[in-house]
Amino acid sequence: MAREITPLVAGNWKMNGTGAALAEVSKLAAKLSEGSGPNCTVVICPPATLLDRLSKAASGTAILSGGQDCHPALNGAHTGDISAQMLADAGARYVIVGHSERRANHAETDELVRRKAEAALAAGLIPIICVGETEAERRGGIADAVVATQLEGSVPDQWSDFGIVIAYEPIWAIGTGLTPTIADIAEMHDGIRALLLKRFADRGEAVQLLYGGSMKPANAADILKVQNVNGGLVGGASLLANDFHAIISAA
Ligand code: PEP
């Protein structure tokens, strides 16, 4: 029988939000405290400038915090970068690595993403490792192969008991309002699970597989029902407590 996996819904605020945005965190925390609380793990990954404040504001609530990126090194001469240990020190429990915007804007390779994931694990963080194809790759019928290559290169060989998370985010669906069909999401997630099982045997069974790309209150329930979709990585819709709460409730 397939192992029961606790869903995870993570919000990626990207380069959005100043101190005033913490009001949305308080509002979300209040909503999540109603009834028996959420059925899933809830994470918000704010800009680094807000991480410490958000972690403190969320302390004692159902919300955990995460970073949006980390440097592979522990410390050193890397102006403007942030290490995984620094994120952990600021209260983070998770960190997104290999988001397509980082891969595209900062020329991040699979090898670099893997090293970042390893640094996250070494700092006691759970890496949310992102993979996904471009529109041209999907149209060209090579989406599965692209994602398989990204997984092979970006996922570390070893991880701690806390585990790793994989987020499948078709690049053409991010911030566009477009989403793959439910059948395409199911096929990709089944394929990712099969690759994890092949490479990691039983350990691959418990890895949470998130879908990301224009997940909204209106489509979350249908997407989150799909087998091998164990939650979502949510960009735009995570900025407002009401929208994010609706997605969390759908999980
Ligand atoms: C993302 O950037 O990870 C994302 C999924 O964005 P959006 O939900 O806005 O498409």
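Of the 14 residues around the ligand, the ones that come nearest are K14, H99, E169, G175 and S214; a residue is near a molecule or strand if one of its heavy atoms lies within 4 Å of it. Bear in mind that this is a predicted model, where local features need pLDDT of at least 70, side-chain atom pairs count only at pLDDT 80 or more, and totals for chains, interfaces and linings use all residues. Residues are numbered from 1 along each chain as its sequence is written, and side-chain values use heavy atoms, with hydrogens and water left out.

**The ligand**

| Protein side | Ligand side | Distance |
|---|---|---|
| K14, side-chain N or O atom | oxygen atom | 2.5 Å |
| S214, polar backbone atom | oxygen atom | 2.7 Å |
| G236, backbone N or O atom | oxygen atom | 2.9 Å |

Taken alone the ligand exposes 300 Å², and the protein buries 97% of that. Accessible areas here come from the Shrake-Rupley method with a 1.4 Å probe; for residues, only the protein chains shown count as cover. What is the shell around the ligand made of, by class? It has four nonpolar, eight polar and two charged residues. In this scheme Ala, Val, Leu, Ile, Met, Phe, Trp, Tyr, Cys and Pro count as nonpolar, Asp, Glu, Lys and Arg as charged, and the others, Gly among them, as polar.

**Two helices with a buried face**

Helices (H or I, at least four residues) and strands (E, at least two) are DSSP runs, numbered from the N terminus. Buried means under 20% relative accessible area, exposed over 50%, and partly exposed in between (1.4 Å probe, protein chains only).

Start with α2, residues 48-58, where L50, L51, L54, S55 and A58 are buried. Seen down the axis of α2, these buried residues fall within an arc of 140 degrees, so they line one face of the helix. The arc is that of the directions from the helix axis to the C-beta atoms. T49 and K56, on the other side of α2, are exposed. As for partners, the buried residues of α2 pack against α1 (22-32), β2 (41-45), β3 (63-67) and α3 (84-89), where contact means heavy atoms within 4.5 Å. After α2 comes G60, with a positive phi near 80 degrees.

As background, an α-helix has 3.6 residues a turn, so residues three or four places apart point the same way.

**Some side chains to click on**

S65 sits in strand β3 and counts as buried, at 2% relative accessibility. Which side chain joins that of S65 in a polar contact of 2.8 Å? The partner is S55; a polar contact is a pair of N or O atoms within 3.5 Å, and within protein one must be able to donate a hydrogen and the other to accept it, while residues adjacent in sequence count only if both atoms are side-chain atoms. A polar atom of the S65 side chain also lies 3.1 Å from the backbone oxygen of G91. Leaving out residues up to four places away in sequence, S65 touches a set including V43, L51, L54 and Y94.

D110 belongs to helix α5, residues 110-122. Its side chain and that of R103 are joined by a polar contact of 2.5 Å. Not counting residues up to four places away in sequence, D110 touches R103, T149, Q150, G153 and S154.

M188 is in helix α8, residues 182-200, and is buried with a relative accessible area of 4%. With residues up to four places away in sequence left out, M188 touches E133, R138, A143, D144, V147 and Y168.

**Positive phi and an exposed loop**

Most residues other than glycine have a negative phi, and most peptide bonds are trans. A201 is not a glycine, yet its phi is positive, about 50 degrees. A201 lies in the loop between α8 and β7 (208-212) and is partly exposed, at 45% relative accessibility. N228 also has a positive phi, near 70 degrees. Its place is the loop between α9 (217-224) and β8 (231-234), and N228 is buried, with a relative accessible area of 15%.

Finally, G76 lies in the loop between β3 and α3 and is exposed, with a relative accessible area of 57%. C-alpha to C-alpha, G76 and A246 are 42 Å apart in space, and they are 170 residues apart in sequence.
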